[in-house]
Amino acid sequence: MSVEILLTGANGQVGWEVERRAATHGVKVRALARNELDISDRAAVKHTIAEHAPKVVINAAAYTAVDKAESEKDLAFAVNRDGAAHVAEACAASGASLIHFSTDYVFDGAKSGPYVETDPVNPVSVYGASKLAGEDAIRTAAPRHIILRTAWVYGVHGHNFVKTMLRLGRERPELRVVDDQRGCPTFAGDLADAALALARRALAGSMTEGGYGTFHCVGSGEVTWCGFTRKIIGLAGTRLGQTPKITAITTADYPTPARRPANSVLDSTKLARVHGLTLRPWPEALAEMLDTVLDGEQHK
Ligand SMILES: NC(=O)c1ccc[n+]([C@@H]2O[C@H](COP(=O)([O-])OP(=O)(O)OC[C@H]3O[C@@H](n4cnc5c(N)ncnc54)[C@H](OP(=O)(O)O)[C@@H]3O)[C@@H](O)[C@H]2O)c1
């Protein structure tokens, strides 16, 4: 049985959006959640990809618990390095193109401007190191790959920073949020649309050699976590039931097990130049996500 696109990690923020948006891109997706395909199981990955013989695999499966990874290194690497390698090997064996997601956390954040794809990597967390190892494994095993490095992902489905701020914004009089880490909030739906547009191109056989490789793919614009929170609370407005005070704090005020880069800003110009794809300004995408989440709640 041959399918167009095989999707792993179908129950994650990005996987969920890929499955739901496939039809609007005119493509068919066979979506597998973790209980249907565990990418850390090499034999299962090999068997499943050989059985379905997809033309494109979108790997949205990953270990994403950034802080927990510091104490679960083996598990993080089993999924993010070995799992990525298994998918890449199986894609190479079956002739499928691979679209994979990586992270801003492959960088150390010391650069003063936005990161481009060729900037030196230097992860400062276990999660970042495991994702970088996954990138390397894919580059080694699968010549026809697209690695989309993304950042600060939030979606309608799953747990994320936006939903946490909405919950805390209802519960607490004050939100204290880190204001010395900058990044690019990225709506999972917009990222899924970009991945599906690329998959469609690969399916059509219209991908040139330069179309493969590593690309940064984040929402347009940049902000700190605190600035992001101000926008979330501002856009939520009266739908929150109260307006909490928002106080800027520093990373030192909010210690976490994993270190995070101070500068996580990614430059997505290459994706625009090579593929004509640009994700919309992050506040626009955020407004749409909030309408879906908050207005959906009102209708329950
Ligand atoms: N979230 C972010 O802010 C962010 C930032 C930069 C890059 N990324 C990257 O973007 C991609 C998508 O992230 P996301 O936000 O959609 O993450 P997510 O919501 O955590 O989804 C990841 C999915 O992978 C599944 N999974 C975990 N281990 C697996 C395994 N061994 N085999 C198969 N599936 C497994 C999880 O299953 P369960 O549902 O059962 O846990 C989950 O459904 C990932 O590559 C991530 O590294 C994310």
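A residue is taken to be near a molecule or strand if one of its heavy atoms lies within 4 Å of it. The structure is a predicted model, in which local features need pLDDT of at least 70 and side-chain atom pairs count only at pLDDT 80 or more, whereas totals for chains, interfaces and linings use all residues. Residues are numbered from 1 along each chain as its sequence is written, and side-chain values use heavy atoms, with hydrogens and water left out.

The ligand is surrounded by 23 residues, and the closest of these are Q13, D38, T64, Y127 and K131. Polar contacts are pairs of N or O atoms within 3.5 Å; within protein, one atom must be able to donate a hydrogen and the other to accept it, and residues adjacent in sequence count only if both atoms are side-chain atoms. An N or O atom in the side chain of D38 lies 2.8 Å from a nitrogen atom of the ligand. The backbone also takes part: a polar backbone atom of G12 is 3.1 Å from an oxygen atom of the ligand, and a backbone N or O atom of F101 is 3.2 Å from a ligand oxygen atom. Of the 900 Å² that the ligand exposes when taken alone, the protein buries 82% (accessible areas come from the Shrake-Rupley method with a 1.4 Å probe; for residues, only the protein chains shown count as cover).

Helices (H or I, at least four residues) and strands (E, at least two) are DSSP runs, numbered from the N terminus. The shell around the ligand receives at least two residues from each of α1, β4 and α4, and β4 gives the most, with three residues.

Six strands form an open sheet in the order β2-β1-β3-β4-β5-β10, with parallel pairing; two strands pair if DSSP finds at least two bridges between them. Strands β2 (29-32) and β10 (213-216) stand at the edges with a single partner strand each, so one side of each has no neighbour in the sheet. Strand β1 (residues 5-8) is joined to the parallel β2 by four bridges, and T8 stands opposite L32 in β2.

Helix α1 (residues 13-21) packs on the sheet and touches β1, β2, β3 (56-59) and β4 (97-103), where contact means heavy atoms within 4.5 Å.

Notes: Axes fitted to C-alpha atoms, helices over the stretch in contact; angles between N-to-C directions.
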